[in-house]
Amino acid sequence: MTVHLHWFLPTGGDGRTLVDRHAYAANPVDRARPVSGVRAPDIEYLAQIAKAAEQLGFEAVLTPTGTWCEDAWLTTVALAQHTERLKFLVAFRPGVISPTLAAQMAATYQRITRGRLLLNVVTGGDSTEQRRFGDQLGHDQRYARTDEFLSVVRGVWGGQPYDFDGAHYQVEGGLTALPPDPLPEIFFGGSSAAAGPVAARHADVYLTWGEPPAQVKEKIDWIHSLAEREGRTVRFGVRLHTISRDSSAEAWRTAGRLLDDLDPGSIAAAQAALGRSESVGQQRMLALHGGSSDRLEISPNLWAGVGLVRGGAGTALVGSHAEVADRIEEYHALGIEHFVLSGYPHLEEAYWFGEGVIPELAVRGLLSRVPASGAPILVASGR
């Protein structure tokens, strides 16, 4: 078993700090006078990241989904015209789109891109964000709806008229005239009791945020046992940030600099907002540091600083290229195959990882495809 490496597309904006000044965030930014260091997620900048990821040897790029970023389907189809091999791990919310339409969109996407679609199903752990889309269901009801949604999607992909009668969907003769070829792999995340059985029934890859290895192992065992009851096999992935440098000291200095813009008030405000989330995964992220910036290395080379002010994946692998490769090898030994990585800014950090860590992983025999050698695209500044 080898590892699959994926990078991240910051379709809500990018920058050199952890301070949440996304281009589309609800903050008092004067859009006529852009904030220094904040990069808008225009198609030219996203294409730079996508091309770099492809050239450096990443298999796919993950998009976020939400009201604060660009639509993932449209953005990635556009980026597919700028790349040749790179796949797109498109995040979307089941509750805000018809499952038959989603199945049809996936089929069309596969034909347009020659089979470069992966799907990341985001049920939604936060009611406030869901209500922005007009979704009024509670947390557990949303997972029950996702269960039905994915049943319909897979049924409709069967190529024959498909009927479904559930609590959330009633479909008569659902069909994609030309099913996607190949069927896109379905990635799915969720740490709650309501999420586990849905993952076991439908996910090809269960994706967890980057917790310490022992906690990740517990999750793997949990989902593995649920999937066994369903007669299925689920593979596993982890979502992490990364800061790798030529030396460990340099990497930790870079991590420290990301905190320079943060004051105690900003951290407290972010922690209070994130603490209101219904997401069990988010609560697990918050518990890793308890809102304190005193001891952020919660496991060797695993840094929880990102989670002080940002929701979602809140940890980063920090260290020399060899140390980061060590930690990837450690997670891999637990059963993790897919590593979905990111860093601030995403263009520069893609190069640090691609030029530093990927060769380490190749030497260790952890890559099925060794990136071609040769000078990659040059980055003018930012290191």
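**Helix packing, cores and backbone features of the predicted model**

Ala-273 lies in helix α9, which spans residues 264-275. Helices (H or I, at least four residues) and strands (E, at least two) are DSSP runs, numbered from the N terminus. The model is a predicted one: local features need pLDDT of at least 70, side-chain atom pairs count only at pLDDT 80 or more, and totals for chains, interfaces and linings use all residues. Residues are numbered from 1 along each chain as its sequence is written, and side-chain values use heavy atoms, with hydrogens and water left out.

Ala-273 has a relative accessible area of 39% and is therefore partly exposed. Here buried means under 20% relative accessible area, exposed means over 50%, and partly exposed lies in between (1.4 Å probe, protein chains only). Tyr-109 is 164 residues from Ala-273 along the chain. The C-alpha atoms of the two residues are separated by 36 Å.

The largest nonpolar core holds 76 residues. A nonpolar core is a set of buried Ala, Val, Leu, Ile, Met, Phe, Trp, Tyr and Cys residues joined through side-chain atoms within 4.5 Å. Leu-5, Trp-7, Phe-88, Phe-188, Phe-339, Phe-353 and Leu-361 touch the most other members of this core. Helix α1 (residues 43-56) supplies the largest share of the core, eight residues. Another core, of 17 residues, lies apart from the largest one. Its members include Leu-18, Ala-251, Leu-308 and Ala-316. In soluble globular proteins, nonpolar side chains tend to be buried together.

Thr-76 sits in helix α2 (residues 72-80). Its relative accessibility is 0%, so Thr-76 counts as buried. Contact means heavy atoms within 4.5 Å. Neighbours within four places in sequence aside, Thr-76 is in contact with Leu-9, Thr-63, Phe-88, Val-90 and Tyr-109. Of these partners, Phe-88 is also among the core residues that touch the most other members.

Two helix pairs were examined. Helix α7 (residues 213-229) packs against helix α11 (residues 321-334) at an angle of about 25°, and their axes are 10 Å apart. Axes are lines fitted to C-alpha atoms, for helices over the stretch in contact, and angles run from 0 to 180 degrees between N-to-C directions. α7 and α11 are therefore roughly parallel to each other. Angles under 35 degrees count as roughly parallel, over 145 as roughly antiparallel, 65 to 115 as roughly perpendicular and the rest as oblique. The crossing of α7 past α11 is right-handed. A crossing is right-handed if the near helix is turned clockwise from the far one by less than a right angle, and left-handed if anticlockwise. On the α7 side, Pro-213, Val-216, Lys-217 and Ile-220 take part; they meet Glu-330, Tyr-331 and Leu-334 in α11. This contact comprises five nonpolar, no polar and two charged residues. Ala, Val, Leu, Ile, Met, Phe, Trp, Tyr, Cys and Pro count as nonpolar, Asp, Glu, Lys and Arg as charged, and the others, Gly among them, as polar.

Helix α5 (residues 139-156) and helix α6 (residues 195-202) form the other pair, with an angle of about 10° and axes 9 Å apart. α5 is therefore roughly parallel to α6. Tyr-143, Thr-146, Asp-147, Leu-150, Ser-151 and Arg-154 in α5 meet Ala-195, Val-198, Arg-201 and His-202 in α6. By class, the α5 and α6 contact has four nonpolar, three polar and three charged residues.

The bond from Asp-181 to Pro-182 is cis, with omega near 0°. Pro-182 is placed in the loop between β8 (170-174) and β9 (186-188). Tyr-344 and Pro-345 are also joined by a cis peptide bond, with omega about -10°. Pro-345 belongs to the loop between β15 (336-342) and α12 (346-363).

Positive phi values were found at residues other than glycine. Phi of Arg-114 is near 60°. Arg-114 is in the loop between α3 (99-113) and β6 (117-121), and its relative accessible area of 61% makes Arg-114 exposed. Phi of Asn-301 is near 65°. Asn-301 lies in the loop between β12 (297-299) and β13 (302-303). With a relative accessible area of 8%, Asn-301 is buried.

Thr-108 is located in helix α3. Thr-108 is partly exposed, at 36% relative accessible area. Thr-108 and Thr-176 are 68 residues apart in sequence and 9.5 Å apart in space, C-alpha to C-alpha.
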